[in-house]
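Please look over the structure below before reading on.

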Amino acid sequence: MENRIQILDCTLRDGGLGLEDASKNKISDKRFSSEDITAISDCLSRSNIDIVEIGSIEISEDDKRGFAIYQNIEKLSEAIPDNRSESQMYVGLYRGPDTPVDAIPQRRETMVDGARVIIRYSELQKSLDFCASLSKKGYKVFVQPMLTMRYTEEELDLIIREANEMGAYALYFVDSYGYMKNSDVVRFLKKYDEALDPSVRIGFHAHNNMNLAFSNALCAVDYPTERKLILDSCALGMGQGAGNLQTEIIASHMNEFNGSGYDMNSVLDMCEIIEPYNGDNLWGYSVTRLIPALHKTAYKYAVALRKHYGLKLSEINNILSAVPEDLRHRYTPENTEQLLRSNGYIK
């Protein structure tokens, strides 16, 4: 029998994007080895975790397999382990509506079951149309409006309406910058639960900037609804910035209080593989990653101000407490320089 509350492990996908981000910002040159990708997939197959996200899809001239990024959905599907459990679902993530729809094949039995799509705020309708096209091609579609807190009520109403019309598998709310509180979780659950068709699951992707990922996940678990819920997690919380809800924590909790039956030894074997990747503190709670959450800004501002400019924590706090609204969610090195200039740190 399918669990009403499911865990989606995104260690390979979110962890891979975290490694890519660290590489881009010259923080680390680590990549997943092909052996570790296979070993992590095998652990997840044995773990009985409900949904496994095995990577991202992005057309690129570079070989990004060390970040679990694949050129197309066919190549990504080749990463599904041979010993997959029949009760598990395997999915991949499109990082936006960039892949030509005509280049995406109809889903076949040998391919991933579903596709998660990052909804690009600047291309909202294009992103939703892309999701609908994937649904027509036979994929279970997970609609992912990143940084859901930035959306207006009218924009959320549009997303909900289109999720219903396309028959989406799940609609998510995503705490991209890690500043959601329990009250925010309840607000999104209530809005979604009242408006979505009964067949559409609600998903929650938590980040740990304020160490609230587990607390917020439990808030979702305890919300009074019969609707099916999906909670995203990663081994050791691996992911960009402060990282995510930890698979080992939520799986253990669900075993104890919901009788979920996850194989903890397999989950811990995966943690063993992941642990060496965080030797440079590439992810996890830190005060540097807390400060931007306190001011509801992109976490990369604080990382850049600390690592590249050597600012004190109190200086970062002062700068981010007064970020102009048009820059709040739009981190770039150029915008960081603009903040430094306007605060008198550079000329």
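1. Which element gives the most to the lining of the largest pocket? Helix H1 does, with six residues. The model is a predicted one, and the points here should be read with that in mind.

2. The largest pocket has a volume of about 1,000 Å³. It is lined by 31 residues, and those closest to its centre are Ile118, Met146, Tyr177, Gln240 and Lys300. Besides H1, strand S5 (114-119) and H11 each supply at least two residues of this lining. By class, the lining of the largest pocket has twelve nonpolar, nine polar and ten charged residues.

3. The second largest pocket has a volume of about 250 Å³. Its lining is made of 14 residues, with Ser34, Ile37, Thr38, Tyr70 and Ala79 closest to the centre. Helix H2 (residues 34-47) provides the largest share of this lining, five residues. Sorted by class, the lining of the second largest pocket has six nonpolar, four polar and four charged residues.

4. How many cavities of 30 Å³ or more does the structure hold? There are two.

5. The largest cavity is lined by 18 residues. Nearest its centre are Asp21, Ala22, Ile27, Tyr299 and Val303. Helix H1 (11-24) and helix H11 (299-307) each supply at least two residues of the lining. H11 accounts for the largest share, five residues. By class, the lining of the largest cavity divides into seven nonpolar, six polar and five charged residues.

6. The second largest cavity is lined by Gly15, Gly18, Leu19, Met238, Gly239, Leu282 and Trp283. Four of these residues are nonpolar, three are polar and none is charged.

7. Helix H5 (residues 153-166) and H6 have axes that come within 10 Å and cross at roughly 45°. H5 and H6 are therefore oblique to each other. The crossing of H5 past H6 is right-handed. On the H5 side, the residues that meet H6 are Glu153, Leu156, Asp157, Ile160 and Asn164. On the H6 side they are Arg187, Phe188, Lys191, Tyr192 and Ala195. The contact of H5 with H6 has five nonpolar, one polar and four charged residues.

8. H6 also packs against another helix. Helix H6 (residues 182-195) and helix H7 (residues 213-221) pack at an angle of about 35°, with their axes 9 Å apart. H6 passes H7 in a right-handed crossing. H6 brings Asn182, Val185, Val186 and Leu189 to this contact, and H7 brings Ser215, Asn216, Cys219 and Ala220. What is the make-up by class of the contact of H6 with H7? It has five nonpolar and three polar residues, with no charged residues.

9. The two contacts of H6 can be set side by side. The contact of H5 with H6 includes four charged residues, whereas the contact of H6 with H7 has no charged residues. Five nonpolar residues are counted in the contact of H5 with H6, and five in the contact of H6 with H7.

Technical notes: Residues numbered from 1 in each chain as written. Predicted model: local features only at pLDDT ≥ 70, side-chain atom pairs only at ≥ 80, totals over all residues. Heavy atoms only, no water. Axes fitted to C-alpha atoms, helices over the stretch in contact; angles between N-to-C directions. Helix = DSSP H or I, 4+ residues; strand = E, 2+ residues; numbered from the N terminus. Left-handed = near helix turned anticlockwise from the far one by under 90°. Contact = heavy atoms within 4.5 Å. Nonpolar A, V, L, I, M, F, W, Y, C, P; charged D, E, K, R; others polar. 1 Å grid on protein atoms, 1.4 Å probe; cavity = no way out; pocket = protein on both sides within 12 Å on 5 of 7 lines; lining within 4 Å. Points joined across faces, edges and corners; volume = space filled by probe spheres on them. Parallel < 35°, antiparallel > 145°, perpendicular 65-115°, else oblique.
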